[in-house]
Amino acid sequence: MTLRRKFILALVGMVVFMAVIAGGISLFSFNKLLDRSVSYIQQGLATQWEIALISYYEKNGSWEGVQSQIQTMLHDPDSKGSPPRGNLRIWIFDTAYKATAGAEPEIGKSIADIPNGAEIRSKLVPLQVNSQTIGYFFLEDNFLTRSDFFSRTLVSSIMRAMLISMFVTLLVALLLGIILTRRMTEPLKQLTQAVTSVGQGQLSIRINPEEKGGGDIKALTEAFNEMTVKLAQYEEIRSNMVADIAHELRTPLTVISGKLESIQEGVAAASPETILPIQDEVIRMTRLVRDLQQLTLAEAGKLPLYIQEIDIRNMILRILDHFAIALEEKNLRIEITGESLPVYGDPDRLTQVFVNLIDNAIRHSREGGFLRINFKLEFRDKNDTEEKRLSIGITDSGEGIPETDLSRVFDRFYRVDTARDRNSGGTGLGLAIAREFIRAHGGDLTVSSRLSEGCCFTVWLRVKNNINS
Ligand code: ATP
Ligand code: MG
């Protein structure tokens with residue numbers, strides 16, 4: 001069932017429900033009101049009969065002939081000023097409680113001998129002239145009953161009015177429902193079409209939120225637009241990545257197939273010298289695959305970390321030892337400044353980060369330059385708590401990175417000098433992996449540079465073990 005139909009049905013259901021409730025309440029109150037009116041009318045009637053009977057007694061001096069007078073009063077439609085007529089049963093008793101008017105067979109009988117006499121006696125109203133009792137009367141209260149035409153007419157007219165108003169309200173509700181749902185579902189229809197188009201791969205689709213009214217629908221269209229922008233970005237990243245990987249694999253594959261072809265054709269011998277470049281390219285491809293795997297894991301937040309306390313200064317000294325030959329070849333001066341503190345992290349992952357940073361620094365440094373490692377303890381306000389961080393700055397004396405490239409050096413496969421950096425053996429994934437690894441440790445990696453003077457990569461690591469917090 002469509003949203004529109006559901007809404008209209010709900011509206012109609014609500015109107016019917018409200019009409020039933022309102023009808024029930026008004027019928028109940030009407031019944032109460034009717035009961036009260038009946039008893040008021042009854043009282044008024046009794047008073048009128050009392051006055052009429054007293055004046056009859058005053059005129060005649062006795063109750064003689066009162067029975068026929070009552071009959072006349074009851075049946076004469078022109079009798080002006082007389083009590084109201086109706087299906088009344090009136091009893092009149094003299095001072096000795098003898099029936100002088102009432103049911104024909106009982107006239108002349110004492111009240112005790114009349115059926116229901118005791119009950120009638122308890123309800124008798126004394127008739128008095130000059131404070132002297134002249135008799136008693138009793139009005140049987142069967143004048144207005146609920147089954148009377150009077151009450152039936154009232155009930156049916158109220159019911160009719162209620163049915164008409166329910167019908168009118170239903171019509172209005174239906175009309176309103178149709179107009180409102182059209183306004184509400186129209187943008188939803190467009191959204192559905194847009195979502196279908198996105199599903200078919202049209203990621204450039206956008207909806208103008210201004211045109212679609214305010215509130216929830218506007219928020220929904222905005223969220224949809226944001227989603228399509230993100231999807232388009234991811235799609236671009238994905239296609240770029242596939243192109244980059246294909247590009248990265250093309251060179252080693254060309255080298256390998258060229259070498260193998262020349263061996264096959266007998267142009268070159270399968271000697272260790274011919275096989276070595278093939279092996280190099282295989283190693284390069286293996287590294288590329290490993291790097292990509294690690295980067296994907298880190299980006300997805302699924303990188304397994306084996307956290308322990310690490311003396312980062314020692315770790316860096318060991319890495320520098322490892323690069324001793326390269327340092328010596330370039331005649332680089334090592335400067336280590338500042339105080340280090342133990343940090344918590346995965347030693348293998350952090351080693352990989354610093355190997356890449358130091359390798360980059362050495363590779364890009366000019367001969368006879370320097371490589372400075374600076375440790376610094378920093379405090380940072382984070383969520384009202386002070387966080388202790390160790391910053392490790394690695395400054396080189398190389399050509400630096402141009403301002404325009406600074407923001408992109410952490411992108412996968414990005415190399416400032418494409419031809420040269422590729423030939424030097426780099427995959428262009430080192431910094432992307434380094435930043436993801438450091439972020440997985442709850443830290444950060446940034447870069448600053450001065451062209452032709454060198455650049456500085458700074459790693460921030462938490463001193464306390466709260467990596468997973
Ligand atoms: P990989 O590290 O994967 O073997 P790579 O070193 O080329 O390859 P990254 O470490 O990600 O890749 O570095 C990306 C690019 O940033 C480098 O190609 C280089 O152009 C530039 N770069 C990195 N470090 C420096 C540096 N210290 N001085 C100048 N340029 C640098
Ligand atoms: Mg590198």
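How much space lies in the second largest pocket? In this predicted model, local features need pLDDT of at least 70 and side-chain atom pairs count only at pLDDT 80 or more, while totals for chains, interfaces and linings use all residues. Residues are numbered from 1 along each chain as its sequence is written, and side-chain values use heavy atoms, with hydrogens and water left out.

The second largest pocket holds about 600 Å³ of space. A pocket here is an open set of points on a 1 Å grid over the protein atoms alone, where a 1.4 Å probe fits, with protein on both sides within 12 Å along at least five of seven lines; lining residues have an atom within 4 Å of a point. Its lining numbers 22 residues, with I237, D244, E299, D411 and R412 closest to the centre. Helix α5 (215-264) gives the largest share of this lining, eight residues.

Turning to the largest pocket, about 860 Å³ of space lies there. Of its 36 lining residues, N356, D359, N360, R363 and G430 are the closest to the centre. The largest share of the lining, eight residues, comes from α9, a helix (a DSSP run of H or I, at least four residues) spanning residues 347-364.

Because N356 and N360 are four residues apart in α9, about one helical turn separates them.

How values were computed. Chains lettered and ligands numbered in written order. Helix = DSSP H or I, 4+ residues; strand = E, 2+ residues; numbered from the N terminus. Points joined across faces, edges and corners; volume = space filled by probe spheres on them.
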